[in-house]
Amino acid sequence: AVWRGSFDFKTGYDSNINASTDDDLSALLGLPPGSVTSATPQEDSYGSIAGMLVYSKPLSANSDFSFSTNANHRENASGDLSQTTAGASLGYSYRNGSNAYNLGLMANHFMLDNSPYRDMLGLNLSWKHTASAQTSMTVFGSASDLIYDDNPGKDSLFFMGGLSIQHLFEARYRPSL
């Protein structure tokens, strides 16, 4: 069994802390111009602190179980729009020859300005096929249920899928594509 962890301090500058736009959104909704506008983007510097703890335990020569937890808090210099995220996940991995399969369950709680904002429950699946020492392909997918505390009308199911192909070249420093 293996325990791993990390602890990070970060600082930076965000040109749009409220994820806003100056654009008139009326046309997107088929409404008269000027009827739907959003807040002006706000900019600010920020600091954040984050931590993670992961536990992995082999179940056999070809499979393992993992549990992870994480937390992140971000504070802007102006004191506006503080963000706190905490999450946990369970995972199972199985390897068979040149194939690896992963299944994960995850949960996440997001707070905005020290108030509950959104919860997320999700499922991840992936399959990685290693064709050679230089080439591999991964197919992945996830489904998440987003639940908003103050606005149930925003609740949604989010689906994502993708394909990744990687090739390592036989050259100095082993560049990859």
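This is a predicted model: local features need pLDDT of at least 70, side-chain atom pairs count only at pLDDT 80 or more; totals for chains, interfaces and linings use all residues.
Start at Tyr 13, which stands opposite Ser 45 in strand E2.

Now zoom out. The protein chain has eight strands and zero helices, so to read along the sequence is to follow the pattern β-β-β-β-β-β-β-β. Those strands make an open sheet in the order E1-E2-E3-E4-E5-E6-E7-E8, with antiparallel pairing. At the edges sit E1 (2–14) and E8 (156–167), each pairing on one side only. From one strand to the next, the twist averages 15 degrees. As a reminder, strands of a sheet pair through backbone hydrogen bonds, either parallel or antiparallel.

Head over to the other end of the sheet. Strand E6 (residues 115–130) pairs with strand E7 (residues 135–148) in the antiparallel sense over 13 bridges, and these two form a hairpin with four residues between them. If you want a landmark there, take Met 120, whose bridge partner in E7 is Leu 146. E7 also pairs with E8, again in the antiparallel sense, over twelve bridges. On that side, look for Thr 135 and its bridge partner in E8, His 167.

Ser 48 is buried, because its relative accessible area of 12% falls under the 20% cut-off. What does Ser 48 touch, leaving out residues up to four places away in sequence? The list is Asp 8, Phe 9, Lys 10, Asn 72, His 73 and Arg 74. Take Asn 72 from that list: 24 residues separate Asn 72 and Ser 48 along the chain, yet their C-alpha atoms are 7.1 Å apart. Arg 74 turns up in another arrangement too, with its charged end over the ring of Tyr 46, 3.8 Å from the ring centre.

Next, the aromatics. The count comes to five aromatic pairs. In one of them, the ring centres of Trp 3 and Tyr 55 are 4.7 Å apart and the planes meet at 50 degrees, so the pair is tilted. Trp 3 sits in strand E1 and Tyr 55 in strand E2, 52 residues apart, so this pair links distant parts of the chain. Is Trp 3 buried or exposed? Trp 3 is exposed, because its relative accessible area is 60% and the cut-off is 50%.

Phe 110 and Tyr 117 make another pair, with ring centres 5.8 Å apart and planes at 75 degrees, so this one is edge-to-face. Phe 110 counts as buried at 14% relative accessibility, while Tyr 117 counts as partly exposed at 26%. Together with Tyr 148, Phe 110 and Tyr 117 form one aromatic cluster.

To finish, here is the chain as a whole. Of its 177 residues, 18% count as buried. The protein chain exposes about 11,700 Å², and carbon and sulfur atoms supply 60% of that area. As for contacts between residues at least 6 apart in sequence, 46% join residues at least 24 apart. The link between Trp 3 and Tyr 55, 52 residues apart, is a handy place to look at such distant parts of the chain.

Conventions. Residues are numbered from 1 along each chain as its sequence is written. Side-chain values use heavy atoms; hydrogens and water are left out. Two strands pair if DSSP finds at least two bridges between them. Axes are lines fitted to C-alpha atoms, for helices over the stretch in contact, and angles run from 0 to 180 degrees between N-to-C directions. Rings of Phe, Tyr and Trp (its six-membered ring) pair if their centres lie within 6.5 Å; planes under 30 degrees apart count as stacked, over 60 as edge-to-face and the rest as tilted. Buried means under 20% relative accessible area, exposed over 50%, partly exposed in between (1.4 Å probe, protein chains only). A charge sits over a ring if NZ of Lys or CZ of Arg is within 6 Å of the ring centre and within 35 degrees of the ring normal. Contact means heavy atoms within 4.5 Å. Accessible areas come from the Shrake-Rupley method with a 1.4 Å probe; for residues, only the protein chains shown count as cover.
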